[in-house]
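Please look through the structure shown here before reading on. The paragraphs that follow lead from the chain as a whole to particular residues.

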Amino acid sequence: WPPPKRRSDGYADARPVAPELSCGITAALSRMVAQKWRSERWGALVWQRRSPPHYRETFPIPVREQEHRIFHRDDGFWVSLPLRAGEGQRVLLPLEVRDEFQGRQLSLIVAGEWKAGELKIEQDSKRPSRWYVRVAFKRRVIRSVGGTSMAVNRGVRAHLVAVTSDGDVWRYDGNDIRAYLSQLQARRRQYQQDAKACMRGGRGRTRILRPIEPLIQKGERWRRTKCQAIARRLTEWAQERNVTTVYREDFVGIRRGEPERLEGGERAWRMVQEWPYHEQATRLDNCLGNGADISHAAR
């Protein structure tokens with residue numbers, strides 16, 4: 001008979017290492033480590049551009065939604081967590097509310113109007129004595145009808161332009177995005193020129209080009225945060241004007257064009273490849289789609 005298949009998420013290896021942890025936390029941690037390894041194993045084993053990833057003590061501790069409970073007492077909000085294995089081994093942690101808005105969110109979760117999802121416990125890297133609890137939640141939003149319409153245009157010269165049927169205009173030029181992308185490209189070219197000037201090959205060239213990948217990851221994180229902030233500002237502006245229907249263009253396949261067919265040539269083609277069209281559209285759908293009907297118009 002063939003041997004039984006082993007779980008690919010590493011739970012069987014993590015269970016003997018930390019038997020005092022609860023089964024749920026061990027499964028979540030092993031799944032997180034396995035996903036990290038699958039995404040970076042080629043760079044560590046084949047391309048040899050980085051060292052193999054490993055789990056650190058400062059990484060967040062994930063807790064599944066069915067294993068934690070948030071409740072309210074006279075002295076504030078609390079969360080119950082099964083950090084240790086065994087029945088009855090639960091830990092109560094007080095939650096310090098940052099502001100009134102956060103308090104209303106926790107009250108809705110405790111009341112059951114919002115459904116709490118996965119919870120993560122994270123330590124502050126600069127202030128080790130402070131710990132944070134991040135809670136994902138789901139909420140039901142009633143779709144608005146009978147309001148005004150709004151058209152959204154995404155571009156390079158003007159990153160985002162929105163016009164309502166009443167004639168109100170909202171515009172974000174995106175000059176800071178262009179400046180930041182140009183700065184990252186200049187630093188990346190400098191690294192490449194240094195590698196070309198030194199005439200090194202093998203591990204010496206790899207060591208010189210090693211800072212490029214963290215630079216790319218930094219730019220991706222900055223773009224995600226920037227697109228989320230822009231989408232949130234536009235959503236607040238649209239809610240003030242009772243916008244219920246949003247039209248935006250469909251940019252599927254925009255990066256498949258040829259540089260010769262563009263007006264700006266190669267320079268415009270590179271800008272189109274780097275511009276966060278899809279990221280901005282995803283953030284807009286997540287923010288505007290909570291209470292508005294989004295239609296995708298053709299280009």
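How many salt bridges does the structure hold? The model is a predicted one, and the structure holds eleven salt bridges. Several of them are taken up below, after a look at the chain as a whole.

The chain has 299 residues, of which 30% count as buried, and its secondary structure is made up of eight helices and eleven strands. When contacts between residues at least 6 apart in sequence are considered, 54% of them join residues at least 24 apart. The accessible surface of the chain amounts to about 20,500 Å², and carbon and sulfur atoms account for 50% of that surface.

Among the salt bridges is the one that lysine 226 forms with aspartate 176, in which the closest N and O atoms are 2.8 Å apart. This pair links distant parts of the chain, since lysine 226 belongs to helix α6 while aspartate 176 belongs to helix α4 (residues 175-198), 50 residues apart. Lysine 226 is partly exposed because its relative accessible area is 22%, and aspartate 176 is likewise partly exposed, with a relative accessible area of 29%.

Aspartate 285 forms a salt bridge with arginine 248, and here the closest N and O atoms are 3.0 Å apart. Aspartate 285 lies in helix α8 (residues 277-288) and arginine 248 lies in strand β10 (residues 243-249), so the pair ties together parts that are 37 residues apart in sequence. Aspartate 285 is partly exposed, at a relative accessible area of 26%, whereas arginine 248 is buried, with a relative accessible area of 8%.

The closest N and O atoms of arginine 283 and glutamate 279 are 2.8 Å apart. Arginine 283 counts as partly exposed at 21% relative accessibility, and glutamate 279 is partly exposed with a relative accessible area of 22%. Elsewhere, Asp168, Glu240 and Arg241 are linked in a network of salt bridges.

Helix α6, which holds lysine 226, spans residues 212-240 and also includes lysine 218. Lysine 218 is partly exposed, with a relative accessible area of 40%, and, if its neighbours within four places in sequence are left aside, lysine 218 is in contact with Tyr180 and Arg187. From C-alpha to C-alpha, lysine 218 and leucine 184 are 9.3 Å apart in space, although 34 residues separate them in sequence.

Where does histidine 159 lie? Histidine 159 is placed in the loop between β7 (148-154) and β8 (160-164). Is histidine 159 buried or exposed? Histidine 159 is buried, because its relative accessible area is 1%, which is under the 20% that marks the limit for buried residues. The side chain of histidine 159 makes a polar contact, at 2.8 Å, with the side chain of glutamine 280. Not counting residues up to four places away in sequence, histidine 159 touches a set of residues including Asn153, Arg154, Tyr172, Ile230, Trp275 and Gln280.

Strand β8 contains threonine 164, which is buried, with a relative accessible area of 7%. Apart from its neighbours within four places in sequence, threonine 164 is in contact with Ser149, Met150, Trp237 and Val243.

How many disulfides does the structure hold? A disulfide is a covalent bond between the sulfur atoms of two cysteines. The structure holds zero disulfides. Cysteine 227 is buried, with a relative accessible area of 1%, and cysteine 287 also counts as buried, at 4% relative accessibility.

Trp37, Trp42, Leu45, Val46 and Trp47 make a nonpolar surface patch of about 560 Å². One of these residues, valine 46, is found in helix α2 (residues 23-46), and valine 46 is partly exposed because its relative accessible area is 47%.

How values were computed: Residues are numbered from 1 along each chain as its sequence is written. This is a predicted model: local features need pLDDT of at least 70, side-chain atom pairs count only at pLDDT 80 or more; totals for chains, interfaces and linings use all residues. Side-chain values use heavy atoms; hydrogens and water are left out. Helices (H or I, at least four residues) and strands (E, at least two) are DSSP runs, numbered from the N terminus. Buried means under 20% relative accessible area, exposed over 50%, partly exposed in between (1.4 Å probe, protein chains only). A polar contact is a pair of N or O atoms within 3.5 Å; within protein, one must be able to donate a hydrogen and the other to accept it, and residues adjacent in sequence count only if both atoms are side-chain atoms. Contact means heavy atoms within 4.5 Å. A disulfide is a pair of cysteine sulfur atoms within 2.5 Å. Accessible areas come from the Shrake-Rupley method with a 1.4 Å probe; for residues, only the protein chains shown count as cover. Patches are made of residues with over 30% relative accessible area and no salt bridge: like charges are joined within 9 Å, nonpolar side chains (Val, Leu, Ile, Met, Phe, Trp, Tyr) within 5 Å. A salt bridge is a side-chain nitrogen of Lys or Arg within 4 Å of a carboxyl oxygen of Asp or Glu.
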